[in-house]
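Me: Could you walk me through the aromatic rings in this one? I'm new to it.
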Amino acid sequence: MIVVAGEALIDLVPQGTGALAALQPALGGGPYNTAVALGRLGSRTAFCSRASQDAFGEALLDGLRRAEVDVSLVERGTEPTTLAVATVDPRGSASYSFYVDGTADRLFTAPTALPAATRAVSFGTLSLALEPGAGAYEDLMRGAAAQGLFTALDPNIRAGLIPDPDAYRARFKSWLPSVTLLKVSEEDALWLDGTPREWLASGPSAVVITRGGDGLSAFTGDGREYSVPAEEVAVVDTIGAGDTVNAALLHGLAAQDALSAEALLGLDADGWTGLLRFAARAAAITCSRAGAEPPYASELGSL
């Protein structure tokens with residue numbers, strides 16, 4: 001089982017141009033999208049979060065169930081669901097404004113134990129940036145690493161929600177000894193003010209950098225580097241593309257029995273390039289659709 005820990009929220013996606021364009025609600029949140037994508041790809045997946053008891057919260061859980069994601073680790077609360085208002089530029093790239101004060105996912109508390117079948121735990125996005133929940137997710141990450149589980153991190157920076165960037169960067173560095181696979185976008189890497197080699201020296205076995213239309217690159221702890229181009233596609237928007245990459249990487253590693261630090265370092269050139277191409281193909285399908293709509297296994301074929 002792969003456990004995905006983090007927020008579930010509602011994306012409000014404009015259906016036209018201008019500040020007053022109609023907004024269409026869509027299921028979202030980086031970790032949520034990752035869990036749905038994993039479920040659609042056929043990985044046994046559980047989601048670990050706190051969701052509202054409101055109508056949006058019910059819709060979010062229904063979306064997970066439709067993707068055959070286990071929701072037994074999801075707490076429920078009377079607080080409202082987090083909202084993210086998306087703005088999509090002419091190239092399809094999305095940016096967000098968030099409504100997060102007093103929402104359910106910020107009050108997450110870590111479970112006493114993860115399912116016995118857990119092989120990997122994935123973290124990221126708002127859940128590690130907003131207290132008090134961030135501290136609970138951080139504790140879960142450190143605990144999972146201490147148990148020898150494979151841990152994946154996608155910080156997915158939302159700079160407008162980080163009041164003290166230097167403090168966040170220092171905290172990010174403190175997570176790295178507990179991270180097996182770090183995935184960051186090129187924009188996130190610039191904001192974090194670091195390099196793959198610097199991060200690898202602190203603990204991860206591999207770092208994957210996504211570069212949008214320029215493809216993906218993987219850097220390994222033993223000094224190797226692999227890159228693949230992006231798949232050409234007519235981009236509708238990029239919502240959920242990075243989350244789909246997360247899911248495709250984890251699903252692909254599970255398929256290669258490589259969900260461990262040792263196995264990750266043992267992947268050869270064919271293993272890495274095949275994995276990155278699979279992730280690029282999955283992300284391209286997501287970009288060809290409005291909103292976060294990751295592909296199903298039947299749309300991707302084998303690794």
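Me: How far apart are Phe172 and Trp175 in helix H4?
Reply: They're three residues apart in helix H4 (residues 165–175), so about one helical turn separates Phe172 and Trp175. Helices here are DSSP runs of H or I with at least four residues, numbered from the N terminus. This is a predicted model, where local features need pLDDT of at least 70, side-chain atom pairs count only at pLDDT 80 or more, and totals for chains, interfaces and linings use all residues. Residues are numbered from 1 along each chain as its sequence is written, and side-chain values use heavy atoms, leaving out hydrogens and water.

Me: Is Trp175 buried or exposed?
Reply: Trp175 is buried, at 0% relative accessibility; buried means under 20% relative accessible area, with a 1.4 Å probe and protein chains only.

Me: Why is the pair of Phe172 and Trp175 edge-to-face?
Reply: Because their planes are at 85 degrees, with ring centres 6.4 Å apart. Rings of Phe, Tyr and Trp (its six-membered ring) pair if their centres lie within 6.5 Å, and planes over 60 degrees apart count as edge-to-face. Phe172 is buried too, at 1%.

Me: Which rings are linked into a cluster?
Reply: Tyr168, Phe172, Trp175, Trp191 and Trp199, through ring pairs.

Me: Switching to charges, what sits over the ring of Trp191?
Reply: The charged end of Arg169, 4.3 Å from the ring's centre. The rule wants NZ of Lys or CZ of Arg within 6 Å of the ring centre and within 35 degrees of the ring normal.

Technical notes:
Buried means under 20% relative accessible area, exposed over 50%, partly exposed in between (1.4 Å probe, protein chains only). Rings of Phe, Tyr and Trp (its six-membered ring) pair if their centres lie within 6.5 Å; planes under 30 degrees apart count as stacked, over 60 as edge-to-face and the rest as tilted. Helices (H or I, at least four residues) and strands (E, at least two) are DSSP runs, numbered from the N terminus.
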